[in-house]
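Reader: Please pick a single part of this structure and look at it closely. I want the geometry and the contacts in one connected account.

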Amino acid sequence: MVNRQSANRISHKSLLHSKWTKIPVLNKEKHFIVSELEFNEDQTIIRCVIQAVINRAEYEINWRSLKDPKQWLIGWR
């Protein structure tokens, strides 16, 4: 039996202010909130900023990386 993790399902409409857990934890930054999204005229995400809860550090990321369950879990765990 193969244990496959499916990709995190992400809705553009609910991504802003969504909560995420980073795997693995780096610099004690484990929990994040999507703090900023920018869309182009076609409503495609062109910019995604996440904020660490512990120290409010902000990072610009490729929003598609949130789909990878080996890097991110939906919600805080």
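Author: A residue counts as exposed when its relative accessible area is over 50%, as buried when that area is under 20%, and as partly exposed in between. Glu60 reaches 53%, so it counts as exposed. Keep that residue in mind. The model is predicted.

Start with the strands. Strand 1 covers residues 19-26, and strand 2 covers residues 29-39. They pair in the antiparallel sense, over four bridges. Lys19 has its bridge partner, Ile33, in strand 2. Strand 2 also pairs with strand 3, residues 45-52. That pairing is antiparallel too, and it runs over seven bridges.

Now the backbone. Most residues other than glycine have a negative phi, and most peptide bonds are trans. Several places here depart from that. Take strand 1, where Pro24 is found. The peptide bond from Ile23 to Pro24 is cis, with omega near -10 degrees.

Next comes the hairpin of strand 1 and strand 2. Two residues sit between these strands. Asn27 lies in this loop. Its phi is positive, about 55 degrees, although Asn27 is not a glycine. Lys28 has its place in the loop between strand 1 and strand 2 as well. Lys28 is not a glycine either, and its phi is near 65 degrees, again positive. How accessible are they? Asn27 has 67% relative accessibility and counts as exposed. Lys28 is exposed at 70%.

The hairpin of strand 2 and strand 3 has five residues between the strands. Gln43 takes a positive phi there, near 65 degrees.

Now the charges. Side chains of opposite charge can pair when their charged atoms come close. The structure holds two salt bridges. In one, Arg47 meets Glu36, with 2.3 Å from N to O. Arg47 lies in strand 3 and Glu36 in strand 2, so this pair ties together parts that are eleven residues apart in sequence.

Glu36, Arg47 and Glu60 are linked in a network of salt bridges.

How accessible are the members of the network? Arg47 has 26% relative accessibility, so it counts as partly exposed. Glu36, at 32%, is partly exposed as well. Glu60 is at 53%, on the exposed side of the cut-off.

Conventions: Residues numbered from 1 in each chain as written. Predicted model: local features only at pLDDT ≥ 70, side-chain atom pairs only at ≥ 80, totals over all residues. Heavy atoms only, no water. Pairing = 2+ DSSP bridges. Buried < 20%, exposed > 50% of the residue type's maximum accessible area, 1.4 Å probe, protein only. Salt bridge = Lys/Arg side-chain N within 4 Å of Asp/Glu carboxyl O.
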